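Morning, everyone. Let me put the structure up, and then we will walk through it.

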Amino acid sequence: MGKKAYRLKRYAEWILDGKAYAKKRGEEKLEHVLFKHQTPLLRQLKDVEMELQYNKVKNLKIAAKSVNRVLIRPGETFSYWQLIGNTTRRKGYVEGMVLHYGKVTIGIGGGLCQLSNLIYWMTLHTPLTVTERYRHSYDVFPDSKRSQPFGSGATCAYNYLDLQIKNETNETYQLVVYLTDQNLVGEWRSTTPATRMYEVYEKEHSFTRELWGGYVRHNTIYRKVFNLNGEQVDDEFITENHAITMYEPFLTYEEEASAGIGT
């Protein structure tokens, strides 16, 4: 009942909140690529069957088509779930991995957090404004070949945990998303070239041992802003993260270091 109530609230917001939601798609890609990123489709995760990874790829293919080439014009807001809609079997979605309160479970349409993570990370490298974003309250898997700071993703759950991005500039932006044989690839494009470059990084990263015996992971995310001459013009706070770890953090780090993996 609680989930239904939250979903009904979101449906009402989409109608009554007065936002202009991005819906139009461009037949052609906009000329200028502002930022591009890709993430691997398949990863061997501890105690997770590879079949769920393969199903995730099927789900990503369907969801990517729903957001690919959408235009965000000045004043418009991108809503992840309004564009994708509910992930039902009727649409072709299959069972994939879902993280629920720190545990790996199975759900129809599972695995779409990889897409929301990608979009959020790319958006941090553009002038677009993230107006709604959520993060898992549990850190389930230890770092392994991590190339981004902890807490730099965006979790999603239809439709109450949404990712919303507003265009507060005077230019039009376009999201391009597609899959290759090995990667999920995304681009933010625009009608004009970039005038700023961004470097996203973390501060104050730590683990704390809590009275109840477990660990909580913390950090803050910032981004440095540079002009086209490479001169830093700003250092902006983005967010802070706190998550209960579902593993022994220090033991894991030692094992990874000895294996030459790093963090």
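First, a term: contact means heavy atoms within 4.5 Å. Among contacts between residues at least 6 apart in sequence, 70% join residues at least 24 apart.

Now, the ground rules. This is a predicted model, where local features need pLDDT of at least 70, side-chain atom pairs count only at pLDDT 80 or more, and totals for chains, interfaces and linings use all residues. Residues are numbered from 1 along each chain as its sequence is written, and side-chain values use heavy atoms, with hydrogens and water left out.

Next, confidence. pLDDT is the predictor's confidence in each residue, from 0 to 100. The chain's mean is 90. Of its residues, 92% reach 70 or more. Over residues 252-263, though, pLDDT stays under 50. For that stretch the model has 18 contacts beyond four places in sequence.

On to the overall picture. The chain has 5 helices and 14 strands. The radius of gyration, taken over C-alpha atoms, is set against a globule rule of 2.2 Å times the number of residues to the power 0.38. The chain comes to 19 Å, close to the 18 Å that the rule gives for 263 residues, so it is as compact as a globular protein of that length. Along the principal axes, the C-alpha atoms fill a box of roughly 50 × 50 × 35 Å. Helices here are DSSP runs (H or I, at least four residues), strands likewise (E, at least two), and both are numbered from the N terminus.

How much of the chain is buried? Buried means under 20% relative accessible area, exposed over 50%, and partly exposed in between, with a 1.4 Å probe and protein chains only. By that cut-off, 46% of the 263 residues are buried.

Let's zoom in on two residues. Where is Ala22? Look in the loop between β1 (20-21) and β2 (32-40). Ala22 counts as buried, at 1% relative accessibility. Beyond four places in sequence, its contacts are Val70, Leu71, Ile72, Glu76, Thr77, Phe78 and Leu83. Gln82 is 60 residues away along the chain, yet the C-alpha atoms of Ala22 and Gln82 are separated by 9.2 Å.

Now Ser66. Ser66 sits in helix α2, which covers residues 50-67. Is Ser66 buried or exposed? Buried, with a relative accessible area of 16%. Leaving aside neighbours within four places, Ser66 is in contact with Arg25, Leu83 and Ile84.
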